[in-house]
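Please walk me through this structure in the viewer. Tell me what to select at each step and what is there.

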Amino acid sequence: MSMKRCDNGHYFDSNKYSTCPSCGIQDLDIHATVIHHVSQSSPANADGQTVRQNQASISSGEVGVTVGVFSKKIGIDPVVGWLVCIEGSDKGRDFRIRSERNTIGRAVSMDVCISGDDAISREKHAFISYNPRKNTFLLSPGESRGIVYLNDDEVAAPVPLKPFDLIELGQTKLLFVPFCGEHFQWANKPEQETEC
């Protein structure tokens, strides 16, 4: 990667772009990139203050934001496990797995974003889900043409995950490390009593 700074102070990879993608291209009527939605990378609390990623209140009642049933029930979106990259461009990095369905791909919009491996599809290369009712994990193939392997076997349909299973996507190998299992499970909050 060769980082370059444009006249407006933006940094960009000069191996990928001949000019700054943030500034647009002059004389071709291609304008600067515009953000059309708020990303979850820097959520804000009710006072408008930035809070740590994945720490924003999930009960904000924000229109259009889907909240998982389990997350809504216990009041947080808990970590239930991790994927640890043991081979590939993100070697040594860990990725959080949250309750219910997690998408894996190269795009930043994916729950597990493996951006450095261009053999992985941008979106929905695979899914990992955690079922809080059964306290189980599943690995499912995604909606891309790329193949997913679990312990060297092709994943053609959802399969259960066991601790320290090896998942292969593109040129990346990920080790599955569960947090929830027989020794720990997020408990449901007691139901709030309402007065009549």
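Predicted model: local features only at pLDDT ≥ 70, side-chain atom pairs only at ≥ 80, totals over all residues.

Residues are numbered from 1 along each chain as its sequence is written, and side-chain values use heavy atoms, with hydrogens and water left out.

Start with the open sheet of 6 strands, whose order is 4-3-13-12-9-10 with antiparallel pairing. Strands here are DSSP runs of E, at least two residues, numbered from the N terminus; two of them pair if DSSP finds at least two bridges between them. Strand 4 (94–98) and strand 10 (153–154) are at the edges, each with a single partner strand, so one side of each has no neighbour in the sheet.

Next, select residues 79–87, which are strand 3; 5 bridges join strand 3 to strand 4. Val79 has Arg98 of strand 4 as its bridge partner.

Now select Glu87 and Lys173, which form a salt bridge (a side-chain nitrogen of Lys or Arg within 4 Å of a carboxyl oxygen of Asp or Glu). Their closest N and O atoms are 3.9 Å apart. Glu87 is in strand 3 and Lys173 in strand 13 (residues 172–178), 86 residues apart.

Move to Asp165 and Lys162, whose side chains meet in a salt bridge at 4.0 Å, N to O. Asp165 is buried (under 20% relative accessible area), at 5%, whereas Lys162 is exposed (over 50%), at 51%.

Definitions and conventions
Helix = DSSP H or I, 4+ residues; strand = E, 2+ residues; numbered from the N terminus. Buried < 20%, exposed > 50% of the residue type's maximum accessible area, 1.4 Å probe, protein only.
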